[in-house]
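Here's a set of exercises to work through with the model open beside you. Try each task first, then read the solution.

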Amino acid sequence: MSTSTEAKQPFAAAVERALLSRLASWPDRWVLTGLVLAFSAWVILDVFFLSVSGGMAQTTYDAMVRARLRAAPHDERIVIVDIDESALARMAPEFGRWPWPRDTLATVLDHIESQQPAAVVWDIVFSDADRLSPGGDAAMDQAAQRSQHSHFSVVRLPMVNDGKSDLGQKHLPGLWAQARSPSAAADATLALIPPVLPHVAAQPLGFNNGYVDHDGMLRRYRYFERLGDGSIIHSLPMSVTRAVDPAAYGYWLDHFKRKPHQMGSSEATRDDTLIHWRKTAMTYQRVNFADLFEQADGGQANPKVPSMAGKIVIIGATAPSLHDTHPTPLSGTQAGVESLATGIDNALHRRAIWELPQWAGAVVAILMCAGIALWSHHRSVSSLAPAMLVLPGVLLGIGFASLHTEHAFIDLHLSAGLAILFLAVLKFWYTLRKRHWCGDLPDHTNNLAVLPWVSDKTWSDDQLDRLMMCLQASAQDCRLVSLDLTPGDNLSARWRPFAPCLAIVGPHAQLLRAQPLLLRAIQRLTVRQGDIALVPPGLSAQAARHVVTHLALAGWTALQPPVSS
């Protein structure tokens with residue numbers, strides 16, 4: 001019997017009954033409307049102010065990136081001249097530890113330039129003079145002056161320091177993508193670490209910062225930055241794109257100019273471009289720096305060193321001891337030069353990944369909650385049980401599928417998570433309501449009557465939900481009694497001969513008034529009704545419970561079909 005038989009303290013039992021009675025008295029539409037409004041308020045606060053779900057979104061995105069079935073192929077023109085641990089070990093006997101004298105770099109630059117590359121990209125910052133080898137600095141400065149394809153890095157400092165700097169466009173013209181606006185009072189200054197060599201500073205430049213999210217993960221790339229005077233500076237990948245593919249550079253610059261938002265701080269990454277990663281963390285062709293240096297320094301041709309003609313040559317370090325690594329969705333220690341190569345690759349191929357705006361994600365989440373509420377109001381909460389698994393899976397599947405494109409990422413993690421939470425809250429509320437309507441006899445045990453029913457099928461949660469709604473509307477002192485503790489479990493119903501049995505218990509007058517309404521609520525189910533049996537008046541609650549049990553059992557037994565011999 002699903003009536004309560006637990007021995008509880010009178011005070012605790014009274015408090016529980018009072019709370020359940022209060023909850024059960026709320027109309028279904030009030031509860032659903034209140035939940036939708038509460039969840040909508042939470043979505044708005046979370047998306048636009050709190051960002052509590054951001055961690056889940058980032059983790060989900062990282063897992064999706066690693067699990068992709070395919071990714072865009074890498075650009076065969078990109079070659080990384082790798083300063084790895086083996087190169088450091090091979091160069092150490094003659095040139096010592098890193099940094100080496102810069103005439104070694106000048107030798108490599110002249111050698112590459114002689115082969116007419118598309119670009120030579122330096123993932124090395126020439127920020128300090130080499131006091132121990134001034135001749136090396138002079139050699140590198142002269143090589144930079146001769147170079148027709150070099151692009152050098154600068155390090156952008158936090159924008160809060162811009163007002164303290166004296167550096168402007170006249171000092172580093174190769175860094176600017178667009179001059180200041182005519183309405184600006186004066187040229188803006190910006191804080192950065194400039195090259196110390198004058199002919200390096202005169203070459204095409206680009207900032208090469210890796211702006212990470214709050215969890216320290218690199219997921220986005222900042223291609224441009226707008227300064228206070230309306231001028232725009234570009235990144236190192238954009239400097240390369242301007243030289244290799246001016247049309248692609250114009251595409252990105254126009255795309256950036258159309259952005260309505262400006263960064264609030266140098267740490268803000270929301271407006272940066274989502275990186276379209278290759279399939280693995282180490283994708284691009286690599287040439288060991290020591291091999292290339294030996295060839296450039298007069299050695300014989302090395303089959304390990306390909307021709308650099310028409311190539312985009314990136315010179316950078318992957319040696320862990322040089323600490324140019326950062327975590328990405330592909331690897332916890334991905335080399336910075338590999339991320340730079342990915343940025344250049346995406347820029348040249350115009351892989352501008354459109355993301356679902358935050359406000360659109362919030363709207364989808366709110367509509368999802370409203371749809372679930374409407375469905376549960378017109379059907380039942382239990383009918384949404386399959387949606388607990390299917391709906392979030394579909395939403396996350398849409399995001400995963402979109403990652404296989406080069407131009408869009410539809411992030412619906414918030415809708416998926418909120419759907420699960422909303423369904424869980426609805427299920428919890430349904431459980432509380434069921435404990436009230438199917439948990440014990442009403443507080444008033446006088447004039448009680450028992451109406452036994454036997455259906456042709458096991459009572460489902462959907463049908464019980466409809467009966468509870470009917471009792472809530474027209475017979476608030478009536479309760480449902482069943483022998484099946486889990487009426488919706490059809491697999492085990494075969495072992496429960498009383499699973500189709502149900503009884504309505506309550507004041508005789510209310511029971512008579514609610515009887516036709518209850519039958520209409522389950523009109524699709526064939527039900528055999530027994531005679532209404534009255535409970536003797538004046539009984540204690542415990543005695544009334546026993547009498548109700550016997551009357552329900554007797555009524556169900558009388559409604560069973562006769563057994564043929």
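**Exercise 1. Salt bridges inside the protein**

Task: work out whether Arg156 and Glu225 are buried or exposed, then find what their side chains do.

Solution. Start with cover: Arg156 and Glu225 are both buried, where buried means under 20% relative accessible area, exposed means over 50%, and partly exposed is in between (1.4 Å probe, protein chains only). Before going on, a word on the ground rules: this is a predicted model, where local features need pLDDT of at least 70 and side-chain atom pairs count only at pLDDT 80 or more, while totals for chains, interfaces and linings use all residues. Residues are numbered from 1 along each chain as its sequence is written, and side-chain values use heavy atoms, with hydrogens and water left out.

Next, look at the side chains: Arg156 and Glu225 meet in a salt bridge at 2.7 Å, N to O. The term stands for a side-chain nitrogen of Lys or Arg within 4 Å of a carboxyl oxygen of Asp or Glu. Arg156 sits in strand S3 (residues 150-156) and Glu225 in strand S8 (residues 224-226), so this pair ties together parts that are 69 residues apart in sequence. Helices (H or I, at least four residues) and strands (E, at least two) are DSSP runs, numbered from the N terminus.

Two other pairs are worth a look. Asp272 and Arg222 form a salt bridge at 3.0 Å, N to O. That pair links distant parts of the chain, 50 residues apart: Asp272 is in the loop between helix H9 (246-257) and strand S10 (273-274), and Arg222 is in the loop between strand S7 (220-221) and S8. Asp272 and Arg222 are both buried.

Asp345 and Arg278 also form a salt bridge, with their closest N and O atoms 3.3 Å apart. Here Asp345 belongs to helix H11 (residues 336-348) and Arg278 to the loop between S10 and strand S11 (285-288), again distant parts of the chain, 67 residues apart. Both residues, Asp345 and Arg278, are buried.

To finish, the count for the structure comes to 20 salt bridges, and Asp62, Asp213, Asp215 and Arg219 are linked in a network of them.

**Exercise 2. Rings and a charge**

Task: find how many aromatic pairs the whole structure holds, and which ring Arg222 lies over.

Solution. A search of the whole structure turns up 14 aromatic pairs. One of them is Trp453 with Trp459, which is stacked at 6.2 Å centre to centre and 15° between the planes. For the cut-offs, rings of Phe, Tyr and Trp (its six-membered ring) pair if their centres lie within 6.5 Å; planes under 30 degrees apart count as stacked, over 60 as edge-to-face and the rest as tilted. Trp453 and Trp459 are both buried. Elsewhere, Tyr221, Tyr223, Tyr251 and Trp252 make up one aromatic cluster.

Now for the charge: Arg222 lies over the face of Tyr211, 3.7 Å from the ring centre. That takes NZ of Lys or CZ of Arg within 6 Å of the ring centre and within 35 degrees of the ring normal. Arg222 is also the partner of Asp272 in a salt bridge.

**Exercise 3. Checking a helix**

Task: what should the 14 residues of helix H15 span, and how many of them are buried?

Solution. Take H15 (residues 461-474): at 1.5 Å a residue it should span 20 Å, and its end C-alpha atoms are 20 Å apart, which agrees. The expected span is 1.5 Å times one less than the number of residues. Then check cover: 10 of the 14 residues of H15 are buried, including Leu464, Leu467, Met468 and Leu471.
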